[in-house]
Amino acid sequence: MNRTKGDEEEYWNSSKFKAFTFDDEDDELSQLKESKRAVNSLRDFVDDDDDDDDDLERVSWSGEPVGSISWSIKETAGNSGSSHEGREQLKSRNSFSSYAQLPKPTSTYSLSSFFRGRTRPGSFQSLSDALSDTPAKSYAPELGRPKGEYRDYSNDWSPSDTVRRLRKGKVCSLERFRSLQDKLQLLEEAVSMHDGNVITAVLIFLKRTLSKEILFRELEVRQVALRHLIHFLKEIGDQKLLLDLFRFLDRTEELALSHYREHLNIRDPDKRKEFLKTCIGLPFSAEDSAHIQDHYTLLERQIIIEANDRHLESAGQTEIFRKHPRKASILNMPLVTTLFYSCFYHYTEAEGTFSSPINLKKTFKIPDKQYVLTALAARAKLRAWNDVDALFTTKNWLGYTKKRAPIGFHRVVEILHKNNAPVQILQEYVNLVEDVDTKLNLATKFKCHDVVIDTCRDLKDRQQLLAYRSKVDKGSAEEEKIDALLSSSQIRWKN
């Protein structure tokens, strides 16, 4: 295309590009200066007064990093009370002009800190400061956290510090103790603190993070911790681990007892009986072996008695079951309860039957005191006074009868009164009490008037007889008897 000379000069003069000259400034340096001018102009939008730096540059006491999400929320909440015009201005914050119209924010951190402040190495710095030789001035230094709070976040606690925190009930993680040496040191610190809860907490951690072999080996030489672990396993019912521990420690008797304890979890009577049969051959002590054998035999008897009595009760032909229906099953009941049941429902049965009280007494070697006490309670509850009398009547080799009570007649009187025995029966057994003071106390307590009057007469105690006269009914036979004794000239009363 042909241009005239004038057009060419206008084209070159109107171009946005400049021709190269040696007098031009260095290109990169000019760009830096332009950037510096841009920053200085931006500072005018955010700084109303350069001299009022202290008001602009305030540190947030919340301890949260500036620019975080929670900081931004608090900043927004702080300005929520502003006017509707302020909110409209915030909507148009994309332009520099809208920033210039906003009121001065109440934030504790100003925008100028992003350009002029240095909080820590690597944070924002004023570009003008970067171009100058003067050091940057820090306008928003970070507040230092308490040392203990920082260690909480970093989880940098020693074993002794961790144990102390656990003792105070503070939450702290034990996962940082990964090596066996650290875990054992933690356990030793817990034991030295003499706090069972802390020891148990550390043992739970070791139980979860160590193999059984290592845990058992280390606890074998630490008896305090070992006892705590055994108690803890018993409490939570971890029978498998407990058996493994006793087996490792070669504590055969405790191993057998722990195995025997599992019968408590078996509800079916037949299955429990079979399990008890397997426990008979375990390495118990002599006394415990006899106990296991008796337990198996008792349950075997109870199963037989229960099946037979259930049939008799459902048939309705036995008088004792009609008058006194059974309130509970006899299965899994203690030996004394089984004996009471037998004395209540099967007292007159022959010794050859499993449900006979005498059979139970001989099979399980029940002492005379225990047998008499249980039989007395059962027969007195049924008000079978003839059976009660026969229970204490014995014959000597000459054929003479005598009353004898291995539990003491004072206890017989208490049980009879508890079961509402008639006064005539009570007086008979109160008279059999050998100690005079005990006899008088029981007779007075249970209103056995004849016993009190006769005892005072035998003691020739006129004062006590006069005192007791006021306790009987007026015009009663007892009052007449007392008056007759007091007026008798044949009795020499004590002074």
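1. Let's start with the largest nonpolar core of this predicted model. This core has 52 residues, and the members that touch the most others are Leu 376, Phe 392, Val 412, Leu 416, Tyr 429 and Leu 465. Helix 22 gives the most to this core, with six residues. A separate core of 30 residues lies apart from it and includes Leu 186, Val 198, Leu 233 and Phe 246. As background, nonpolar side chains in soluble globular proteins tend to be buried together.

2. Leaving aside residues up to four places away in sequence, Leu 416 touches Leu 376, Ala 380, Trp 385, Val 388, Ala 421, Ile 425, Leu 426 and Tyr 429. Two of these partners, Leu 376 and Tyr 429, are also named with Leu 416 among the core members that touch the most others.

3. Helix 25 spans residues 423-430, and its buried residues are Ile 425, Leu 426, Gln 427, Tyr 429 and Val 430. They pack against helix 23 (385-392), helix 24 (409-418), helix 26 (436-445) and helix 27 (449-459), as well as against strand 2.

4. Helix 20 covers residues 335-345. Which of its residues are buried? They are Thr 338, Leu 339, Tyr 341, Ser 342, Cys 343, Phe 344 and Tyr 345. The cover over them includes helix 18 (286-315), helix 19 (319-323), helix 21 (357-363) and helix 22 (368-381).

5. Now for the backbone. Lys 365, in the loop between helix 21 and helix 22, has a positive phi of about 55° although it is not a glycine. Asn 420, in the loop between helix 24 and helix 25, also has a positive phi, near 60°. Both side chains' residues count as exposed because their relative accessibility is over 50%: the value is 69% for Lys 365 and 56% for Asn 420.

6. Finally, a word on the surface. Trp 397, Leu 398 and Tyr 400 make a nonpolar patch of about 470 Å². Tyr 400 sits in the loop between strand 1 (393-395) and strand 2 (401-403). Is Tyr 400 buried or exposed? Tyr 400 counts as exposed because its relative accessibility is 56%, above the 50% cut-off.

Methods
Residues numbered from 1 in each chain as written. Predicted model: local features only at pLDDT ≥ 70, side-chain atom pairs only at ≥ 80, totals over all residues. Heavy atoms only, no water. Buried < 20%, exposed > 50% of the residue type's maximum accessible area, 1.4 Å probe, protein only. Helix = DSSP H or I, 4+ residues; strand = E, 2+ residues; numbered from the N terminus. Contact = heavy atoms within 4.5 Å. Patch = residues over 30% accessible without salt bridge, like charges linked within 9 Å, V, L, I, M, F, W, Y side chains within 5 Å. Areas by Shrake-Rupley, 256 points an atom, 1.4 Å probe, with all protein chains shown as cover. Salt bridge = Lys/Arg side-chain N within 4 Å of Asp/Glu carboxyl O. Core = buried A, V, L, I, M, F, W, Y, C linked by side-chain atoms within 4.5 Å.
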